[in-house]
Amino acid sequence: MTHTPCAAATCTRTLLDTEQATGQTLCRPCVDRIGVWLRELPLQITVLEGSRQRETSGAASGGRTVHRTAPLPGRADVLNLLGPAAWADGIRDPHGDAHGDQHGQLSIAGVLIPWVRLVTEERRWNPPLSLTPQSLALWLAQPRPLDWASRRPWAGDMRDELDELMRTVRNTTALRPRRRAVPQPCPRCDSLTLVATDHQLYIDCGTCQSMYTRDELALAARITAAALDSAAA
Ligand SMILES: [Zn+2]
Ligand SMILES: [Zn+2]
């Protein structure tokens, strides 16, 4: 079996035989990461809504009125991200790129609706009852829609678009999952830039963007140790 690269432009993995056998176009770490992002979104949205509240009410928490100040930096981003999007705008051409009429302003619902709509229409599944960004994210994070989406030719575009959305959201809220260094060289590029992230099954290399499971890294460490032993012998 020839090894096909993962369909995401932001991923450097090739698909495993087991992944190709089930028709996946995205590698398992990418699918896992999409699930992590989608489950993180409701928390991020709570923070965004809190900051919209603070910035528009002009009142301090104790009920004491404060002087209206210039909008805080990032306020426009917050409003854009929380901006509504209509189901009808969410028609996505699976072979094209741009969708809706977002005019370059990223909204969470505007990014999610076209993907949710594509899945519900192709599978004839019922869409989520509510079209809030939270409901859209949790709907798409369910195993059935996510597994099915990860076998479509457009799955790479979906992953890349969500990657961009999450970067924008996390930059706006300044809320990021906790990360810590892993003291082992990357099996692919040998850099000491492996990082483990909370709630994520995979460890990333900050240099070559490779992703590894803990088992893969344990195996790589054993191979390195064996090679050192035989070199010393
Ligand atoms: Zn991938
Ligand atoms: Zn690397």
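This is a predicted model: local features need pLDDT of at least 70, side-chain atom pairs count only at pLDDT 80 or more; totals for chains, interfaces and linings use all residues.
Local features here need pLDDT of at least 70, side-chain atom pairs count only at pLDDT 80 or more, and totals for chains, interfaces and linings use all residues. Residues are numbered from 1 along each chain as its sequence is written.

Let's start with a helix pair (helices are DSSP runs of H or I, at least four residues, numbered from the N terminus). The axes of helix 3 and helix 7 come within 10 Å and cross at roughly 135°; axes are lines fitted to C-alpha atoms over the stretch in contact, with angles from 0 to 180 degrees between N-to-C directions. That makes helix 3 oblique to helix 7, as angles under 35 degrees count as roughly parallel, over 145 as roughly antiparallel, 65 to 115 as roughly perpendicular and the rest as oblique.

Here is who meets whom (C-beta atoms, placed from the backbone, within 7 Å):

| Helix | Residues in the contact |
|---|---|
| helix 3 | D77, V78 and L81 |
| helix 7 | T168, V169 and T172 |

Now for the cores. A nonpolar core is a set of buried Ala, Val, Leu, Ile, Met, Phe, Trp, Tyr and Cys residues joined through C-beta atoms within 7 Å, and buried means 20 or more other C-beta atoms within 10 Å of a residue's own. The largest has 39 residues, and L112 and L140 touch the most other members. Helix 4 gives the most to this core, with nine residues. Leaving out residues up to four places away in sequence, L112 touches P133, L136, A137 and L140.

Methods:
Chains are lettered from A and ligands numbered from 1 in the order in which they are written. Helices (H or I, at least four residues) and strands (E, at least two) are DSSP runs, numbered from the N terminus. Two residues are in contact if their C-beta atoms, placed from the backbone, lie within 7 Å. A residue is buried if 20 or more other C-beta atoms lie within 10 Å of its own, exposed if 12 or fewer, and partly exposed in between; C-beta atoms are placed from the backbone.
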